[in-house]
Amino acid sequence: VGQGYRARAENRLDDAVKDLNAARQLIASDPASQGKVIALDGQIAHVQELRGDLLAAKKTYDRALDSMMVLSVDFVSLGDWSALFSQIVLRAIDVAMSLPQPDAARSYVARFDEKLGSDHRLQRLSVVFLLNTMAHRCQLGMALETLQRANDVVEELDPHSQNLYGHRTVSLLHFGALTGDSEAAVAFESSLNLRVESRQRFVRLLIQAGRGAEARRAAEDIASRFNDVVARQYPTEAMWAHSLFGEALMSCGKVDQALVEYRQALDCPVAADAETAADVRYLRMRGCNALYELGRYSEAVQAFESLKDERGATSAVSDVDFVHCELNLAIARHRTGDSVRAVAALRTLCAQLAGHDSLQFVRAAAINHLGAMTTLEDPHAALAMHIEADGVMARLQPESELRVGVLGNLAACLRRTGKPEEAALRYKDAIDLAE
């Protein structure tokens, strides 16, 4: 197994499949290793996917699913293995739909549903599997069938699990509306008075999965339902619908259109209570960041500063969302020629973020920009900043796009301080990472 993992890491995919298959054969006949055998099949199929052999991957996934169906021990006794099996089935469904073999995908869904439904102790895992495969089920024409199955088991779940399900019910109904299912569409229309988080979570899941185009279509459909009459009746929901559409547009790189949606969200006549005020501030933050992304730095500075004036002198650390605004404000100031205030703001932000482990990535970005802004003034101090920033990036996000920029700044600073050999190495690291 170790040899197989090493071969996969080195992109020797044929060797990886060979070694993992050899490992599987060693334990295939051991009744106590049934879970490990299925897990290895999942790994083998995944490597086959990576090398582009989807038919071979599907065959291996078939073998894994067949093994799951005839396990001599129940899923509950397997503990964490059951959650791993769920992930294997999800990948199998993706492969079947990519081939495309929709009938095979439907079979995977139905067979695993049946397995999970055979033991009442697996009801929570069953609902989670339903939720995780909502997009697949609706694309396969199984939207209402899925909703009915979920309704059959959700009442017996504990309150926390019921809440988990409730937050996604509208997402399922929305998918039904998108796929032209009239019953689901009617149910979605009647659900506008439900809290908007139900739809918000769904769109954000698509964004996080890198499915920006789908997120944009889903969010646009939601926003389009809030005409003037509905928006007046449900102003908070309308505000968040436009906000989600803006967020989805941002994920597609359509920043100018996103800004329009954020402004429409802010125009909604929401109640003036404390909770809504926080929501409005969050929207204004996103609008500020959209101006920044568009390169409209003067407008961004004005918007950021107006937001800061209303927010008061509270430390940025007390409001995580605002940390990014503080960083973007400083960069925007620098790009409008106000370098003195930009440097001062970055120094303050770095000091505030020191010691906050969850915000070290943002602090590293701030240190990197501070070093770039002060290179001419004190190249040796700037070099120390870039080294610190790269150390944090290498630990937290070693292959991120942001680290490429940090390595580039570090290389430039090394060159400026008379270290061309080290600079060349860092430039090479940046180029290798970018490729």
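**Contacts, cores and a pocket in a helical chain**

Me: What does Leu 327 touch, not counting residues up to four places away in sequence?
Reply: Leu 349, Leu 346, Val 362, Ala 365, Ala 366 and His 369 are what Leu 327 touches once those neighbours are set aside. Contact here means heavy atoms within 4.5 Å.

Me: Which residues have the most contacts inside the largest nonpolar core?
Reply: Phe 304, Leu 327 and Leu 346, in a core of 54 residues. A nonpolar core is a set of buried Ala, Val, Leu, Ile, Met, Phe, Trp, Tyr and Cys residues joined through side-chain atoms within 4.5 Å. Buried means under 20% relative accessible area, exposed is over 50%, and partly exposed is in between (1.4 Å probe, protein chains only).

Me: How many residues are in the second core?
Reply: That separate core has 27 residues, including Tyr 61, Ala 92, Ile 93 and Val 109.

Me: Before I go on, what sort of model is this?
Reply: It's a predicted model, where local features need pLDDT of at least 70 and side-chain atom pairs count only at pLDDT 80 or more, while totals for chains, interfaces and linings use all residues. Residues are numbered from 1 along each chain as its sequence is written, and side-chain values use heavy atoms, with hydrogens and water left out.

Me: OK, zoom out. How many helices and strands in the chain?
Reply: 25 helices and zero strands. Helices (H or I, at least four residues) and strands (E, at least two) are DSSP runs, numbered from the N terminus.

Me: And what share of the chain do buried residues make up?
Reply: 46% of the 435 residues. The accessible surface comes to about 21,400 Å², 50% of it on carbon and sulfur atoms; areas come from the Shrake-Rupley method with a 1.4 Å probe, and for residues only the protein chains shown count as cover.

Me: Of contacts between residues at least 6 apart in sequence, what percentage join residues at least 24 apart?
Reply: 59%.

Me: New topic: how much space lies in the largest pocket?
Reply: About 800 Å³. The search runs on a 1 Å grid over the protein atoms alone: a cavity is a set of points where a 1.4 Å probe fits but cannot get out, a pocket is an open set with protein on both sides within 12 Å along at least five of seven lines, and lining residues have an atom within 4 Å of a point. Grid points are joined across faces, edges and corners, and the volume is the space filled by probe spheres set on the points.

Me: Which lining residues lie nearest its centre?
Reply: Asn 289, Tyr 292, Glu 293, His 324 and Asn 328, out of 27 lining residues. By class the lining has 14 nonpolar, eight polar and five charged residues. Ala, Val, Leu, Ile, Met, Phe, Trp, Tyr, Cys and Pro count as nonpolar, Asp, Glu, Lys and Arg as charged, and the others, Gly among them, as polar.

Me: Which helices each supply at least two residues of that lining?
Reply: Helix 16 (235-251), helix 18 (274-293), helix 20 (320-335), helix 22 (360-373) and helix 24 (401-416).

Me: Let's stay on helix 22. Is Met 373 buried or exposed?
Reply: Met 373 sits in helix 22 and counts as buried because its relative accessible area is 17%. Leaving out residues up to four places away, Met 373 touches Ala 330, Ile 331, His 334, Ala 342, Val 343 and Leu 346.

Me: Where is Leu 249 found?
Reply: In helix 16. Leu 249 is buried at 1% relative accessible area and touches Arg 216, Lys 254, Gln 257, Ala 258 and Glu 261, again not counting residues up to four places away.
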